[in-house]
Protein chains: 2
Amino acid sequence: MSHDSLLESFTAGRRAALSRAITIVENERAGFRDVLAALHSRLGRAHRIGITGPPGAGKSTLTAALIEHYRQHDERVGVIAVDPTSPFTGGALLGDRIRMNEISLDAGVFIRSMATRGSLGGLALATKEVADVMDAYGFDRVIVETVGVGQSELDIASAADSTVVVLVPESGDAIQAMKAGLMEAADLFVINKSDRPGADRLAREVSMMLHLRSGNVMRNVPAHHGVNLAAVKAGSAARRSVPDSVNVNAPSPVESVPSWEIPVLKTIAETRAGVTELAQSLDSHRSWLTATGELSRRRRKRITERVRDEVARRLQRVVWEEQGGAALLEESLHALEDGSTTPYEVAARIAERILPAQGTTPG
Amino acid sequence: MSHDSLLESFTAGRRAALSRAITIVENERAGFRDVLAALHSRLGRAHRIGITGPPGAGKSTLTAALIEHYRQHDERVGVIAVDPTSPFTGGALLGDRIRMNEISLDAGVFIRSMATRGSLGGLALATKEVADVMDAYGFDRVIVETVGVGQSELDIASAADSTVVVLVPESGDAIQAMKAGLMEAADLFVINKSDRPGADRLAREVSMMLHLRSGNVMRNVPAHHGVNLAAVKAGSAARRSVPDSVNVNAPSPVESVPSWEIPVLKTIAETRAGVTELAQSLDSHRSWLTATGELSRRRRKRITERVRDEVARRLQRVVWEEQGGAALLEESLHALEDGSTTPYEVAARIAERILPAQGTTPG
């Protein structure tokens, strides 16, 4: 199938074309850039939701619960599971797997599990590009579920419009969770398995830490942003966007901007308890993003990062593959090991294959 | 101070010169490559130990316990804490901090905490380079402690000769831990806080999973490696390197190679229980690495990665800073946002600043 006819089928909403386009993009097959470029103008409709948190927090079950919720409201959902052992690909307990199977038979749901590749940097980029494909296809929500609490995993989640950090009472005290940078990434906190002992304490701790950190009523909003407060208040779903403690009628020395007050929600994903509230809170967040201009800012940041990632990918390919960098490195291994050259000399010589020669580097 | 006199002081073992060299390297100050290149021939003496695991596992306390152990044996220890909230920089409970202060007053110990920077990729590279500086300075052990269980954090830990993965009964069941890729990274498992309920169960689970995974007696040894089994058996510290279940005297169809049987140790870092055994096990691992040639293989891999990282760093700097890529991106933002161009077109134009023009890319 040519790319033109692929794009035609894709635009017509054929599921096989979606699947094919994702495969091309995920594996960087020939022409993947053309596919992505062709879809670029169709981006921005989907609400991108990142779900992250430590292992065992119940992220997949929560994702399944959200899918069910959105399907009941006739929304179409794309899911990217960045975890080879996710229940979405069979690496789960039997009960879960049956539920996942049901979900995956639903034509309004499309699930793609992305295996970890050599470099997580590459995976992060591919994940964002697959999310683009799903967005362009017309899903109302695109959910990216990442395992782990590491920086790269958070980066993936943060490429979403709304990032949900899921914790459980067992995942260690809140202070430890904060350590891992979750605090910076979260737009919403969820305490899952909230019927277990310690849930209330964890919720209180997280709330307290969020509060302590906020001498920052302005936190999520860049200082230079003009905001139409009336528009925010008029938005039906913007209930949460004006914190109680801010008197919006008081005169203020600087322009007053409604901040997003990060909620700490409780769920029991297994029984679906709290899932409706989570979905409502996600909608509130999205309204806040739109009303404050934060959505544009995040998408601008995302587009900037995409250009940077793509430049890096191009340069790496040229220098290592086309210009023989890999071969030169191979030849230099002995000299590197016996210390007669250094990684910095070899790297300079490889980079010179494409860079204009510089005065300081030895011939 | 010129770099020459810095290197002279460094070689003479002056602590101020070590500190200065680390700062230059960590912050990529002018001439940092010269410093690293000058030290390259002095690398390879230190035993590099990575300590990783989920938040709250007691990694810092375990690191402190190892430092004390090594100091009692007159070994000098360098520590890199990749965590801005580590007790090593004051972000700890009072008791811990006092202990850390004592350690840090010891002239045989040098501790550097590395804050997380914008990109963890950059942090990972800087961490390895700081470890090089410590190695070149003459530390017997260089310990890198990383928070989190994400891929990038594991990458940092895996740059060590020996990687210790620390778990606690509270950190969720073993299956979840395995999910996060810890299994692949670990040379040794430690169940810390092993006096708590669930420790024995966790230890059993981890052992069982390690066992299940091994139809791979050969696991850590590349197939093409010739190994002198006698040398291994002669090594005093190589006790652990021949698993009980392998009859080394039996004739074997393929060349038999002693694998490293990943131990699952129990510690209570607070009370130092099990720390001597951990240190012994680390020595066994190092002997195994040396005897089997695995050490050379890991160092070759490390040197290869260093060249790749350095090439990427050079290219990025040239294209974004020297060749005006950043300005071009800035100028293109509007067109990117209104969809009249795509990230892929802009990236191609930026990459062209240094790449030989290609037939397929538009002017």
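**Figure 1. The open sheet of chain A in the predicted model.** Chain A of this predicted model holds seven strands arranged as an open sheet in the order S3-S2-S4-S1-S5-S6-S7, with parallel pairing; strands count as paired if DSSP finds at least two bridges between them. Strand S3 (109-113) and strand S7 (264-266) of chain A lie at the edges and have a single partner strand each, so one side of each is left without a neighbour in the sheet. From one strand to the next the twist averages 20 degrees, where axes are lines fitted to C-alpha atoms, for helices over the stretch in contact, and angles between N-to-C directions run from 0 to 180 degrees. Strands of a sheet pair through backbone hydrogen bonds, either parallel or antiparallel. Residues are numbered from 1 along each chain as its sequence is written, while chains are lettered from A and ligands numbered from 1 in the order in which they are written. Local features need pLDDT of at least 70 and side-chain atom pairs count only at pLDDT 80 or more, whereas totals for chains, interfaces and linings use all residues, and side-chain values use heavy atoms, with hydrogens and water left out.

**Figure 2. Strands S5 and S6 of chain A, with A:Val164.** Strand S5 (residues 162-167) of chain A runs parallel to strand S6 (residues 188-191) of chain A and is joined to it by four bridges; in S6(A), A:Val190 is the bridge partner of A:Val166. A:Val164, which is found in strand S5 of chain A, is buried, with a relative accessible area of 0% (buried means under 20%, exposed over 50% and partly exposed in between, with a 1.4 Å probe and protein chains only). Leaving aside residues up to four places away in sequence, A:Val164 touches A:Ile49, A:Gly50, A:Ile51, A:Thr52, A:Leu188, A:Val190, A:Leu278 and A:Leu282, a contact being heavy atoms within 4.5 Å. The C-alpha atom of A:Val164 is separated by 29 Å from that of A:Gly13, 151 residues apart along the chain.

**Figure 3. Chain A as a whole.** The secondary structure of chain A comprises 15 helices and seven strands; helices (H or I, at least four residues) and strands (E, at least two) are DSSP runs, numbered from the N terminus. Of the 363 residues in chain A, 54% are buried. Among contacts between residues of chain A at least 6 apart in sequence, 77% join residues at least 24 apart.

**Figure 4. Helices H2 and H3 of chain B.** The axes of helix H2 (residues 15-26) and helix H3 (residues 32-39) of chain B come within 8 Å and cross at roughly 125 degrees. H2(B) and H3(B) are therefore oblique to each other, given that angles under 35 degrees count as roughly parallel, over 145 as roughly antiparallel, 65 to 115 as roughly perpendicular and the rest as oblique. B:Ala21, B:Ile24 and B:Val25 of H2(B) make the contact with B:Phe32, B:Val35 and B:Leu36 of H3(B).

Figure 5. In chain B, seven strands form an open sheet with parallel pairing, in the order S3-S2-S4-S1-S5-S6-S7. Four bridges join the parallel strands S5 (residues 162-167) and S6 (residues 188-191) of chain B, and B:Val166 stands opposite B:Val190 in S6(B). Helix H4 (residues 59-72) of chain B packs on the sheet, where the strands touched include strand S1 (47-52), strand S2 (77-82) and strand S4 (141-146) of chain B, and its direction makes about 170 degrees with that of S4(B). Helix H12 (residues 275-292) of chain B lies across S1, S4, S5, S6 and S7 of chain B and runs at about 170 degrees to S6(B).
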